[in-house]
Amino acid sequence: MHAGKWRFCVANHLLQYVIYLCCKEEKSQTRTYYLFANAAWFDIKIELYEMGWNLKDGLRECLVAAAPYGGPICDARPQLEIYSSSGLPLASFPWKSGVVKQLGWTVSDDLLCVQEDGTVLVYDLLGGFKRHFSMGNEVSQSQVLETKIFHSPYGTGVAILTGALRFTLATNIDDIKLRRLPEVPGLQGAPSCWAVLTQDRQSKVLVANGSHLFILDNTACTPVTPPGLSPQASSIVHMCVSFSYKYLALLTDSGHVWMGTSNLKEKLSEVDTKIKTPPKQMAWCRRPKSQQPSAVVMWDGLLIVVGECKETIQYHLDDDSILVPELDGVRIISGTHHELLQEVPGACEEIFKIASMAPGALLLEAHKEYEKESQKADEYLREIKEQSLLSEAVRQCVEAAGHEHEPETQKTLLRAASFGKCFLSNFPPEQFVSMCRDLRVLNAVRDYTVGIPLTHTQFKQMTVQVLIDRLVYRKLYPLAIEICRYLKTPEYQGVSRVLKHWACYKVQQKEESDEVIAKAVSVKLADAAGIFYSEIATKAYESGRTELAIKLLEFEPRSGEQVPLLLKMKKSPLALSKAIESGDTDLVYTVVMYLKNELNRGDFFMMLRNQPVALSLYKQFCKHQEQDTLKDLFNQDDDHEELGNLYVKASYKEQRLEARIALLQSAVDEYYKAKNEFSAKTTEDEMRLLRFQRKLEEEKGELLVGFSLHDTMTTLLSVGLHKHAEQLYKDFRVPDKRFWWLKLKSLAEKEDWEELEKFGKSKKSPIGYLPFVEVCIKHHNKYEAKKYVSKVTPEQKVKAHLAVGDMEGAAEAAIERRNESEISTVLSRCSATTDHLLMERLNRAKATAVKK
Amino acid sequence: MAHTEWRDAPELPDFSLLKRLARDQLIFLLEQLPGKKDLFIDADLMSPLDRIANVTILKQHEVDKLYKVELKPIVSSSDQLCFLIRPRIQTVKWISDLVNADKVAGRFRRYKIIFTPQKFYACETVLEEQGVYGDVTTDEWNFYILPLDDDILSLELPEFFRDNFLEGDQRWVTTAGSALHLLQSVYGSFSKVYGIGRCAKMVYESWRELMEEGEQRTRQPEFAKVFLVDRDVDFVTPLCSQVVYEGLVDDLFRIKCGSVEFGPDVTSSDKSIKVMLNSQDKVFSEIRNEHFSNVFGFLSQKAKNLQTAYDKRRGMDIQQMKAFVSDELKGLKQEHRLLSLHIGASESMMKKKTKQDFQELLKTEHSLLEGFEIRECITYIEEHINRQVSMIDSLRLLCLLSITENGLLSKDYRSLKAQYLQSYGIKHLLTFANLRQLGLLEEQQAGETLTVMESKVGKLVNDKTVGKLTDAFSSLAKKSNFRALSKRLALVPKSGEEYDLRVPRDMAYVFSGAYIPLSCKLIEQVLERDGWTGLEEVTRMLNGQEFAVTGAPNPRNKTDAQRIVLVMFLGGCTFSEISALRFLGKERDTYYVKQIEYMVNIKLSI
């Protein structure tokens, strides 16, 4: 292919180097493996694409940004151009805004353009303008000096160094919270280099000023020193942080590369590059779980890989290039080519190393012989089986296939694995099957026309869902759906989601009529599960097609989902009725509150009047929040009953008596209007009572105001104000029974037995005399109690006698009344020892009573 | 507990899973606000929270100090404040005031509000209106269900009844639906869903919507059936005085969140003791469902047994003694402690409840249920009010009278109401208004107006869109039809027969044999018939809204799970009903798990 163009420069002091042509076939792929002194690691450089773009001056002198995970590339000269990884143009438009300082991509493939004044413009992948936001006043005043766009678990962030040499940072551009970091002491001009770190759930900035390093977080600026940094360095000229934010590499003016952990606690290695000019770019090139640190430094025309040992690998670059750090390597993009540089995966090394005796290598060999129908196949197999490493061999082949980019090589390895599997029983097939599936998907997206050069490791990290999203952003809907179906992704995560995106795109097509689009959408989405038509409708509305949005909303089965959009489209009456239909009270509240702020009061009340449910809910809200509004509402409805209740309630909150009485008077008026005479009368009584209580309070100094009638009388009686109590009794038409009970209790309480007797005799008791007996007993006065026993009605005689403990009397009464159950009651109270005779009599009486 | 003595009881699902889920989510939410923080908790969330995550766990996740939300200015030096609250407007307003006060003082803090079980729009509106929306972060803690016991789950929503039935605010319906959805996703699908009542229907609808949205998982279900019942289907039962031990404990001491605080008169010392009441308590589990008259005898028997067990150690040699001390003594001591507590509790019950007053109260209730001697009952109620015996009890009797008699005669209504107001003050005008709205205490209308009303109700029910929400609000006269229902379902056993409370014959034992709780009887009937067929007349009298839906197909092999029924009372249930269901379960070889909104003892005020 392009082997002729490759040039390798191998350092002399390498003990050994190998150029390995991995496949014997004609269409071979060239690859270079460098074996380091300790034979520990290789480096592999894979050609991904020959760039399809046609750049006049290569990448010289232009602002370029490429997204990780094989994302798109963008470049801004007077013309802003967006390309896929394979160099196919996706969008192009003239740049008319201010001076762009930095370009960058978000995690969801949106393009960020940071301007000099701190405004950030957001475009989608196809060049459509989405929105813009500002990085704050301070930034726009002192202008942007440098910018870095970074990714963290919280999303995409922007860090800015202003002309005032202060850092401003936003961790997530979708939820902007600007943070201004503390000042760096002694900083005169722009720092020599800086980087953003994510540590302890916080984004921090690491700044180098000459040989001094500082970590800036929300609150402080802390000086730090990397352990074991060579003393000859007087300045740190470049730094880079690994993809996972775990590792840090520093390049000093003496040409040393220091590598260590990003918390600056541990040094991993230090290598002298022997080049003292400042580099163009530096990046980590390290696969996850790898033992060795390795970084790539790029100068004009030269690329150096540094690792753990003193030696470096050097490549010559023909062309101006840029480095794109990835999770498991570095992509190198030049004017003509797009290559991937990565550490050789363990499995590949085992299999393809010259004269390797690893089980995977033997299995591959065995399969080759088998294809040639040679008996050597058996020998190789036997060799593996003797060491019982066959399953290991299969595993290695499957894994290596995953790391290969060439479909032919993948196939060879997978065939070998499948061959090996035949000789194994109980080998779990999942790994093999899922690898085949994954590779099929990967090969599809790596295709030149799609241009997403993902490695298997990256694919696993980013997950299928994200890959589907990326395809959707590129409007590759058929491919996305195909992949979902192929991988059997659950419908509402897969196909439905893609269809939804498709529909959202569809509704923005201005040339088609509302009817056509609505029909097309409904036909295509008809049997897809979990579609939210409301989202599609929102899109339609956003692109100015309200009518279409309403049409689409009709398809939405969940009325709850329709409401927010209807509100946004100012279709409030419809929104209100939909909310009520949904039965979700919270939603009704949403609409009601919205309307309350939106409409003037009169219109608002009118609208509520037509919706009793909403009205009633709003009343509840007002009851807790706005009593005055509630009053207006009741007034509007002429609901005098409720108004009365409202006034009564308010009266209890009022401390001053006059105000209280005034409120009660209002309540009385309302009750009359409501023709509720009962409540009106009662309330009037209450007013009268309050006045009476106050008068007495002033005269006698007893605390009375606020008591109920009953309690007032109790208090009066207990302090001996019988006259006043009687007055209340007459004025308020207190039932006789209540008054008798009251007086009886209060007299007994005071043990005023004389008065009690007088009271008892004053007239015939409306409550009978049994209560007299019981109350006396309660106050332990048997003597007084007995006085009333004779007055008790015959029906209650037995009870009365029993209450005073007079067994004889009780027995007498019971026998006289010939009442069986009463006799039994008395009997149960007799004790066998003392009332022997009595019991006999009772038993006899009982017998006759039963007979009767 | 009932099923320990009952050999063939089906295995219950493991409800501790629910606790673990809730705990994990809470921890996750706390971790979202890294660093030391002070936590403010709504008062009524204190005890449920304690069941989920105790102070140690909270401290582990950097909670510095714990405060109860008191709606007063706070003293906290922490830079991070976290609020764990119910979505109540009042509380949110208080938080907004705090934030604004800090702003004025130039103090920078982080605020996080965790709403449980969900946040409401109205709360967010308050934050917005107070201008603090951007300063606080909000989250939801989907803590729907608290397992109170092996067979009781609770949503712990004390507002449910008031909001839903009185104020017509159905915001908790979705909560109940989500709770069912949670149960289903944890324990598998139900094969059959029954329900009665408007709220039940709405809960089912919201649950169904959730089911359709999410993915269906098929797994061996651990519940067979679920029965949803609205509280307003049966108001009678909670209006009756409870006489089962657990019910009495609740009446007297208030069981809160599965635990009760016994005062000094019970503990016979000078301090109060908090006791957990569940099936772990061996003594309690044996008496909780017993009629009160049996409890004392049982306890004394138990005391004797305990003494014998203690006495064993006489005549033991050293070896045996050692074994005794290590194996048995601790258990005995524990049992001893519990026993003395429960004896103390029943003593104080005895004091209060065997008095003449209580006997007469019961007698009146029973006559009301049977419909005998109504005049005398009214006189008794009058006296009850006049003597200011108990504010709540009087009200309870009034409501019972109104429901059983389809409303009070105008004359009686006015005179009783006037007397009540004289006793307890005019503020109860509002109480009466509320009770009328609920249909608990009404004045009889002239015959003509009633039919008009009824036809109105009919129209509303037919009209689908309106029917969904409207008539829960309308206080349109709802005939309670208790008399007819009682006859149809044989709720009141024939009087005159002796009822041996030691050997309960049917569920009526929970009310001294005088009345079978309507709710429980309905459940029994529906499960027996596997649907509502044959009960048409009954449901018509209960205002309809019944439904029965078949869910996942029944697995052929009859597993334990097929005998477990989940009963959900929307608006709360009483301990008597729980006891009755336990009894029913034992008899029908089925197990009932109850899920309730909140334990209620009918208590309504302004």
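What is the mean pLDDT of chain A, and what percentage of its residues reach 70 or more? The mean pLDDT of chain A is 80, and 92% of its residues reach 70 or more, where pLDDT is the predictor's confidence in each residue, from 0 to 100. Over residues 1-42 of chain A the pLDDT is below 50, although this stretch has 74 contacts in the model beyond near neighbours in sequence; contact means heavy atoms within 4.5 Å.

This is a predicted model, in which local features need pLDDT of at least 70 and side-chain atom pairs count only at pLDDT 80 or more, while totals for chains, interfaces and linings use all residues. Residues are numbered from 1 along each chain as its sequence is written, chains are lettered from A and ligands numbered from 1 in the order in which they are written, and side-chain values use heavy atoms, with hydrogens and water left out.

In chain A, the axes of helix α3 (residues 359-371) and helix α6 (residues 407-421) come within 9 Å and cross at roughly 90 degrees, so α3(A) and α6(A) are roughly perpendicular to each other (65 to 115 degrees). Among the residues that make this contact are Leu363(A) and Tyr370(A) of α3(A) and Leu413(A) and Phe419(A) of α6(A).

Most residues other than glycine have a negative phi, and most peptide bonds are trans. Lys274(A), however, has a positive phi of about 65 degrees and counts as exposed at 67% relative accessibility, whereas Leu71(B), with phi near 60 degrees, counts as partly exposed at 38%; buried means under 20% relative accessible area, exposed over 50% and partly exposed in between (1.4 Å probe, protein chains only). A cis peptide bond joins Thr116(B) and Pro117(B), with omega about 0 degrees.

The structure holds 46 salt bridges over all chains, a salt bridge being a side-chain nitrogen of Lys or Arg within 4 Å of a carboxyl oxygen of Asp or Glu. Some of these pairs are listed below.

| Salt bridge | N to O distance |
|---|---|
| Glu129(B) and Lys596(A) | 4.0 Å |
| Arg107(B) and Asp79(B) | 3.5 Å |
| Asp412(B) and Arg375(B) | 2.9 Å |

The pair of Asp412(B), in helix α18 of chain B, and Arg375(B), in helix α16 of chain B, ties together parts that are 37 residues apart in sequence. Asp412(B) counts as buried at 7% relative accessibility, whereas Arg375(B) is partly exposed at 44%. The pair of Glu129(B) and Lys596(A) crosses between chains.

Conventions. Axes fitted to C-alpha atoms, helices over the stretch in contact; angles between N-to-C directions. Helix = DSSP H or I, 4+ residues; strand = E, 2+ residues; numbered from the N terminus. Parallel < 35°, antiparallel > 145°, perpendicular 65-115°, else oblique.
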